[in-house]
Amino acid sequence: MASHPRGFSGPRRAASLRRRTDLGTSGGSVGASKPAGRASGPNPLEAYLADCRALVVEQIEDIVASGDDGPLRGLIMDYPLRPAKALRPAICIATCRALGGHLDAVAPSAAVLELFHNAFLVHDDVEDGSELRRGGPTLHREHGVPIAVNVGDAMFALSLQPLLDNTERIGLGAALEVLQIVATMCRHSVEGQALELDWIRRNRWDLAEDDYMHMVEKKTGWYTFIAPVKVGAVIAGAEPSTGERLVEFAQALGRSFQIQDDLLNLQDGDGYGKEADGDLYEGKRTLILLFALEAADEAERQRALRILGLPREDKTAAQVSFLRDLIQRTGGDRRARDHAEEQAIAAARGLESLAPVMGPSRHLDFLRALVDYVHTRSR
C-alpha cells in the first residue's frame with residue numbers, strides 16, 4: 001500500500017459524492033476496496049467504467065453549473081453526455097484507490113481530466129475537419145466553428161477551479177503537484193498535436209516508427225494514461241519510485257491504445273463511433289500507413305503519397321479504397337497489430353511488478369483487465 005494515503009481533508013466534500021449510498025463502499029462500486037456485487041459479474045471492466053462515468057458526469061455537471069446560466073451550459077455538456085467510456089478518469093480513480101487513496105479525494109481531479117479530454121476532442125474535431133464524434137455530428141458541424149471553439153475554451157477555463165479547490169481536499173503540496181502534472185499534460189498534448197498538424201501541412205512522410213511513437217506519447221499518451229496514473233498516485237500519497245513505474249506502465253499502454261485506435265479507424269460499421277476511414281481522408285500519419293508505404297513498390301508508394309497529399313475534400317472514395325487495399329496487401333495493419341500486442345505485454349509486465357505495492361482489489365483487477373481491453377477492443 002502507499003505509505004501515506006491522503007484522505008479528504010478540506011471542509012467541503014466533492015459535490016458529486018452526495019449520493020454516497022449509491023457510489024460508496026459497498027455493492028461493487030468504485031469506492032469498494034475489494035471485488036463485490038456487480039464487480040463479480042461477467043464484465044467487471046465495463047461495470048467499473050460505468051460506475052466511474054456516472055460519478056464523473058455528475059461531477060462535470062456540478063462544475064458547469066457553477067458558471068453562468070446561459071446557452072453555454074448545454075453546449076458544454078453535449079460531448080460529455082454522449083456515449084463514452086470515461087477511460088481517463090477511471091484510470092485515475094483506479095490507480096488512486098489501488099494505492100490506498102480515497103474516492104472523495106480523487107474524484108474531482110478525475111472529472112477534470114475528463115473535461116480536458118472533451119475540450120481536446122472539440123478542438124481536434126475542428127482542426128481535423130472530422131464529421132462524427134461518439135455516434136453523432138461533431139460540434140462544429142452542428143453549431144459552427146466559432147461556437148465549437150468557444151465551447152472547448154470554456155471547458156479548459158472551467159477545469160481550473162476544481163484544481164484550485166484541491167488545496168482544501170488533499171493539502172497544498174499535493175494540490176500543487178496535481179496542478180503541475182495537468183500543466184505538463186497540456187503542454188505535451190498541444191505539442192503533439194502541433195507535430196502531427198505540421199507533418200500534414202508539409203505533407204511529410206519521411207518518418208520512422210520512433211517519430212510516430214514520440215508523437216503518440218505527447219499527443220495521446222500523456223493525457224490518456226500518463227497524467228491519470230500520476231494524478232492518482234500523488235493523491236494516494238504513493239512513493240516517487242511507484243509513480244515512476246506507473247509512468248512506464250502508462251507509456252506502454254498508451255502506445256498500444258493509439259495503434260489499436262488507428263486500426264479501428266479502418267473497420268467498417270457504426271460501432272466505432274467515429275467516421276470510418278477518417279484518418280485516411282485526413283492524411284494522418286499512422287504506424288499502419290508508415291509500414292504500408294515502407295513495403296509498397298515505388299509506383300504504389302508514389303500514388304499513395306499523391307492521394308495522401310490531397311486535401312480531405314478532394315479525396316475520392318476510390319482513392320481511399322486504394323489506400324485501404326494497399327494497407328491490407330502490404331500487411332501494414334498486421335504489423336501494426338503485432339506492435340500493439342507487444343506494447344500491451346510490456347504494460348502487463350509493468351503492472352504486475354506493482355501488484356505487491358497495490359495489494360488485491362477491484363481497482364487493480366480493473367487495471368489488469370484494461371491492458372487486455374486496450375489492444376483487443378472493437379470500439
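Visitor: What does the accessible surface of the protein chain come to, and what share of it belongs to carbon and sulfur atoms?
Guide: This is a predicted model, in which local features need pLDDT of at least 70, side-chain atom pairs count only at pLDDT 80 or more, and totals for chains, interfaces and linings use all residues. Residues are numbered from 1 along each chain as its sequence is written, and side-chain values use heavy atoms, with hydrogens and water left out. Accessible areas come from the Shrake-Rupley method with a 1.4 Å probe, and for residues only the protein chains shown count as cover. The surface comes to about 15,600 Å², and the carbon and sulfur share is 52%.

Visitor: How many residues of helix H11 are buried?
Guide: Buried means under 20% relative accessible area, exposed over 50%, and partly exposed in between (1.4 Å probe, protein chains only). Helices are DSSP runs of H or I with at least four residues, strands are E runs of at least two, and both are numbered from the N terminus. H11 has 25 residues and is mostly covered; the buried number is 18.

Visitor: Which residue forms a salt bridge with Glu191 at 3.8 Å?
Guide: A salt bridge is a side-chain nitrogen of Lys or Arg within 4 Å of a carboxyl oxygen of Asp or Glu. Glu191 is partly exposed at 34% relative accessibility. The residue at 3.8 Å, between closest N and O atoms, is Arg187.

Visitor: Which residue meets Glu196 in a salt bridge?
Guide: Glu196 is buried, with a relative accessible area of 4%. The N to O distance is 2.5 Å, and the partner is Lys219.

Visitor: Where is Arg285 placed?
Guide: Arg285 is in contact (heavy atoms within 4.5 Å) with residues including Glu196, Trp199 and Tyr212, leaving aside neighbours within four places in sequence. The place of Arg285 is the loop between helix H12 (278–282) and helix H13 (287–295).

Visitor: Which side chain of opposite charge is nearest to Arg285, and how far away is it?
Guide: Lys and Arg count as positive and Asp and Glu as negative, while His and the chain ends are not counted. Arg285 is buried yet has no salt bridge. Its side chain reaches the backbone oxygen of Arg204 at 2.8 Å. The nearest side chain of opposite charge is Asp206, at 7.7 Å.

Methods
A polar contact is a pair of N or O atoms within 3.5 Å; within protein, one must be able to donate a hydrogen and the other to accept it, and residues adjacent in sequence count only if both atoms are side-chain atoms.
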